[in-house]
Amino acid sequence: MPPRPDPFHAHRADLEALAAADRRRALAPRAGIDFASNDYLALAGSYALAEALAQGAARGIPAGSGGSRLLRGNHAEHEALEAHAARHYGTEAALFFPTGFAANAALFATLPQRGDLIVHDALIHASAHDGMKLGRAERTAAAHNDPQAFEEAILRWRAGGGGGTVWIAVESLYSMDGDRAPLADLAVLADRHDAVLIVDEAHATGVYGPAGQGLAHALAPRANLITLHTCGKALGCEGALLCGPAIVRDFLVNRGRPFIFSTAPSPLMAWLVRQALEIVAEQPERAARLSGLVRHAEKRLAALGIAPSGSQIIPVVIGDNARTMRIAAMLQAEGFDIRGIRPPTVPQGTARLRIAITLNVSTRDIDAMVDALSAAMAAA
């Protein structure tokens, strides 16, 4: 009997091509001192959240929802979290999703309509791209953090006959560069063009703004602003909250397929997220301590010629994929969990180490890490 053809031959060839380009990924267990996670306020493993989780379970809050929100899966804890989040972020309404990816995918696939235009930052997250691919609106990229490029894209579209709504999509703090969007300028632009401004606060939630409200807090409340606050980073939990006008919540409940046809998030997690929001609001010293660690890291890294990003995310751009991964492996061997980031997550030629400063480290840890980085860069 002749050998049967391999149904996965294309997949094997693709993986081989990734390996040849030093881009093949593999899962690695967590090990070493944390310079890789998004657990910025060290809440994920904290006693405070463990105690809150135990309290929620003791109250009988179920771990599973048992169905979608439109069936029996809608729990009082989902509603309580959403009401709390709307008050906390100064918006009319909020909607809880199981992940930030799901929230972005639902938003961009559902809200912009046929005949609309999405102008997005060139470095916006992959989840936004996937949502846009599922949607019906036109889309175009604007140069990173360049309000003039956004406006030029809008004007070109209008001049070409575009008559629908414009949606401006950005992140407040970019996950691979650690830099901030010019939100005030973009809000003015949105007002001038009757556009909706969408701000992904994933890496700013809990860390910046009064009570950890994020970098867009000064813009709220606005009828043309939608913010996304992920719960799995500084808040130490899971899920995401889309916050904005009540019409956004209502439309997603009625038309958002990723929301309608997904099992609802855990009610126990909804309870835990609400407790995390309160912890962050009541303990501003966490963000203050993180700011101090960031300043210390910036000062030490400056001696290696590494420019500060202005946030807790500090990229060390190496360029070459293989050298980047060699340096990361050296640092991991020395006990520092620092990961190499390669294309397509970042643009070609900008492979980097992504150093995240969190409350899981001390100034002594930072000093030791910088010394190890200096040695690894010299050796690689």
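User: Which cysteine sulfur is closest to that of Cys237?
Analyst: The one in Cys231, at 6.8 Å, which is too far for a bond. This is a predicted model, where local features need pLDDT of at least 70, side-chain atom pairs count only at pLDDT 80 or more, and totals for chains, interfaces and linings use all residues. Residues are numbered from 1 along each chain as its sequence is written, and side-chain values use heavy atoms, with hydrogens and water left out.

User: Is Cys231 buried or exposed? And Cys237?
Analyst: Cys231 is buried at 0% relative accessibility. Cys237 is buried too, at 10%. Buried means under 20% relative accessible area, exposed over 50%, partly exposed in between (1.4 Å probe, protein chains only).

User: New topic. What is the strand order in the open sheet of three strands?
Analyst: β9-β12-β11, with antiparallel pairing. The edges are β9 (313–319) and β11 (339–341), each pairing on one side only. Strands (E, at least two residues) and helices (H or I, at least four) are DSSP runs numbered from the N terminus; two strands pair if DSSP finds at least two bridges between them.

User: How many bridges join β9 to β12?
Analyst: Six, with β12 covering residues 351–356. Val317 stands opposite Arg352 in β12.

User: Which helix lies across those strands?
Analyst: Helix α12 (residues 321–333) lies across β9, β11 and β12, at about 30° to β12. Contact means heavy atoms within 4.5 Å. Axes are lines fitted to C-alpha atoms, for helices over the stretch in contact, with angles from 0 to 180 degrees between N-to-C directions.

Conventions: A disulfide is a pair of cysteine sulfur atoms within 2.5 Å.
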